[in-house]
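Subject: Structure handover

Dear colleague,

I am passing on the structure below, with some notes on what turned up in it. Please keep it open while you read.

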Amino acid sequence: MVLRRNDSGISGVGGSLTLIKGEHTSVRMVRETVTMTLEPEDYLVTVDFVFRNEGPAATVIMGFPESGAGDVSANPTKSAMRSFTSWVDGAVVKTRWVPVKSRPDEGEYKSHWVKEVRFGAGQTRKIRVRYRSYYGGSASGGVSTFVRYDFAGAKWKGKVDESVGNIMFRRPGNF
């Protein structure tokens, strides 16, 4: 299973969620720092984002994408992640897991962990996401386990100033 994630701008259309088209008009992802801790049975990812509103006050729907491919249902009833938590400025916020309807022949599922974040005019917010997930696997190319994280700040206004990735091994082993 390959999992791809990043806090993205989401819009609601007729009750369903989709990535915003183009860039957000005022909110910019300034920085993201991803720390992956690889453990023997699973991995823990903590992502710290800094977002700045460069316009008037706005409420933003943020969706942290989750997707999987391989031996998974195209329309699962629950997340494949072991846990998921999000914070805004140090306070835990409520998120909801929203699956995206997929055709069974697509071979993957898509969903978003969704939250609303209010930005005052010119306000900078610190967003943290932490999740735990099992490793993915593959029957080809000799790869037995892997993790993946995609940097994807393109839906936010302008360019991301800095993206940092850190990988830590909890114990030596075959990762």
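Leaving aside its neighbours within four places in sequence, which residues is Arg-125 in contact with? In this predicted model, they are Phe-49, Val-50, Phe-51, Val-88, Asp-89, Val-117, Arg-118 and Phe-119.

Arg-125 belongs to strand β10, which covers residues 124-134. Its relative accessibility is 14%, so Arg-125 counts as buried, the cut-off being under 20%. The side chain of Asp-89 makes a polar contact with the side chain of Arg-125 at 2.6 Å.

Next, the nonpolar side. The largest nonpolar core has 25 residues, and Phe-49, Phe-51, Met-62 and Tyr-131 are those with the most contacts inside it. Two or more residues of this core come from each of β3 (27-38), β4 (42-53), β5 (58-69), β6 (83-88), β9 (108-119) and β10.

One last item concerns Val-34, in strand β3. Val-34 counts as buried because its relative accessibility is 3%. In sequence, Val-34 and Ile-167 are 133 residues apart, while in space their C-alpha atoms are 8.3 Å apart.

Regards

Definitions and conventions
Residues are numbered from 1 along each chain as its sequence is written. This is a predicted model: local features need pLDDT of at least 70, side-chain atom pairs count only at pLDDT 80 or more; totals for chains, interfaces and linings use all residues. Side-chain values use heavy atoms; hydrogens and water are left out. Helices (H or I, at least four residues) and strands (E, at least two) are DSSP runs, numbered from the N terminus. Buried means under 20% relative accessible area, exposed over 50%, partly exposed in between (1.4 Å probe, protein chains only). A polar contact is a pair of N or O atoms within 3.5 Å; within protein, one must be able to donate a hydrogen and the other to accept it, and residues adjacent in sequence count only if both atoms are side-chain atoms. Contact means heavy atoms within 4.5 Å. A nonpolar core is a set of buried Ala, Val, Leu, Ile, Met, Phe, Trp, Tyr and Cys residues joined through side-chain atoms within 4.5 Å.
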